[in-house]
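This is a walk through one protein model, going from the contact between its parts to the ligand and then to the salt bridges. Please keep the structure open while reading.

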Amino acid sequence: MISSNGITTAIPARITSHSKIHEVDFDNLEFGKYVSDHMLLCDYANGEWQVPQIVPYANLSLNPSTLALHYGQTVFEGMKAIRQHDGRINIFRIEKHYDRFARSLERMCMAVPPKEMFTEGLIKLVGIDRAWVPKKPGTALYLRPFVYASEARFGVKISDQYRFIIFTGPVAETFARPIKVKVETNYVRAAKGGTGFAKCGGNYGGAFYPAKLAKEEGYDQVLWTDARENKYIEESGMMNAMFVIGDKLVTPPLSDSILDGITRDSLLAIASNLGYQAEERQVSVDELEKAFRTNSITEAFGAGTAAVVAPIQTIHINGIDYHLPEYSHESLLNRVKQKLERIRTGREEDVYGWNYVV
Ligand SMILES: *Cc1c(COP(=O)(O)O)cnc(C)c1O
């Protein structure tokens, strides 16, 4: 990495002598089940980041009064390294992930790891564990950079110490089958002025309960609405919400209660490139209801790194289950998803500069 005096120094790495790769069933990669052999660690103390190091993946030892465990200063990213058709490995949209990481950390008053540490740490870590990048279509090495408040002190305060970690693990796509969602008008995920745009742990913790209730009613997830009026769609579970209404791709505009999804951004660009009209504008629950009555809504899906797209088959609105037609290969969601996969695997030119091939 580049130190402050501009001299390039390597991140020191301690390589494990006990690889666990033979324990992985690469034909059945459940999301979140396997972690690769190594992780990157770096501590922030006395106002500065220390030297990062790559070490064998292992448990952490935590003081019970570690601030993150009590007051929730935790922020993460979710990214993918994808095996290209020529065997090389592509880390997708590093820069945009870093920018969002920095914005999330700033909102939570947390120390921001320097960009070079983030970028070079990912590149070196993926290089060391390159055998863990799976090869089947739709699979990837999931990358999980995160920071937590590591100061041991139980008084309420902004932590003065942080730990930055990156670990990785091979995954297959989640949500292969179309899902059922319920428009949520009682609970909210995020409010104006809150932390909805930040990828912080608390947003997830607070969203579990309404999602659990929806599951008990037979739905896979909730479609969140705005906190003020419960009138406008915000996100689909922990994914951005996208609809095809009147042949246009429509998605709610970014705000401080909507997470700036990198999949959302990529799919919007690809859809326009494929000749679809793409609109970032508010989508009201009323509009969805009317669109179902006039059959002008033809697709609905969540967009996020884990699943890429999560097709929606049913939307529950005000006591009624509305159903969407089946998704063919010609549907917008399948066309944009395929195009994204072709760009990421190097089968099609990366005109956007999204790929970082190592
Ligand atoms: C991570 C996340 C998304 C999806 O973002 P991607 O960058 O596409 O993975 C959407 N909504 C929420 C709330 C998220 O946390």
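In this predicted model, about 1,900 Å² of area is buried between domain 1 and domain 2, and carbon and sulfur atoms give 59% of that area. On the side of domain 1, the residues that lose the most area to domain 2 are Phe 76, Arg 100 and Arg 107, which together make up 30% of what that side buries. The size of an interface is often given in this way, as the accessible area lost when the parts come together.

The two parts come from the domain assignment of the protein, which places domain 1 at residues 21-171 and domain 2 at residues 179-344. Their centres, taken over C-alpha atoms, are separated by 27 Å. Counted by residue, 21 residues of domain 1 are in contact with 21 residues of domain 2.

Asp 260 forms a salt bridge with Lys 96, with 3.4 Å between the closest N and O atoms.

Which elements supply the side of domain 1 that touches domain 2? Strand E4 (74-76), strand E5 (79-83), strand E6 (89-92) and helix H2 (94-107) each contribute at least two residues to it. H2 provides the largest share, six residues. By type, the residues of that side of domain 1 divide into eight nonpolar, six polar and seven charged.

Next comes the ligand. It is surrounded by 15 residues, of which Lys 199, Tyr 204, Glu 235, Thr 263 and Thr 305 are the closest. For Thr 263, a polar side-chain atom lies 2.7 Å from an oxygen atom of the ligand. The side chain of Thr 305 has an N or O atom 2.6 Å from an oxygen atom of the ligand. With Met 238 the backbone takes part instead: one of its N or O atoms lies 3.3 Å from a nitrogen atom of the ligand.

Finally, the salt bridges of the whole model. The structure holds 23 salt bridges. One of them joins Asp 43 and Arg 163, whose closest N and O atoms are 2.7 Å apart. Asp 43 lies in strand E1 (residues 38-45) and Arg 163 in strand E8 (residues 162-171), so this pair ties together parts that are 120 residues apart in sequence.

Methods
Residues are numbered from 1 along each chain as its sequence is written. This is a predicted model: local features need pLDDT of at least 70, side-chain atom pairs count only at pLDDT 80 or more; totals for chains, interfaces and linings use all residues. Side-chain values use heavy atoms; hydrogens and water are left out. Domain bounds come from an automatic or database domain assignment. Contact means heavy atoms within 4.5 Å. Buried area is the accessible area (1.4 Å probe) that two parts lose on being put together, summed over both. A salt bridge is a side-chain nitrogen of Lys or Arg within 4 Å of a carboxyl oxygen of Asp or Glu. Helices (H or I, at least four residues) and strands (E, at least two) are DSSP runs, numbered from the N terminus. Ala, Val, Leu, Ile, Met, Phe, Trp, Tyr, Cys and Pro count as nonpolar, Asp, Glu, Lys and Arg as charged, and the others, Gly among them, as polar. A residue is near a molecule or strand if one of its heavy atoms lies within 4 Å of it. A polar contact is a pair of N or O atoms within 3.5 Å; within protein, one must be able to donate a hydrogen and the other to accept it, and residues adjacent in sequence count only if both atoms are side-chain atoms.
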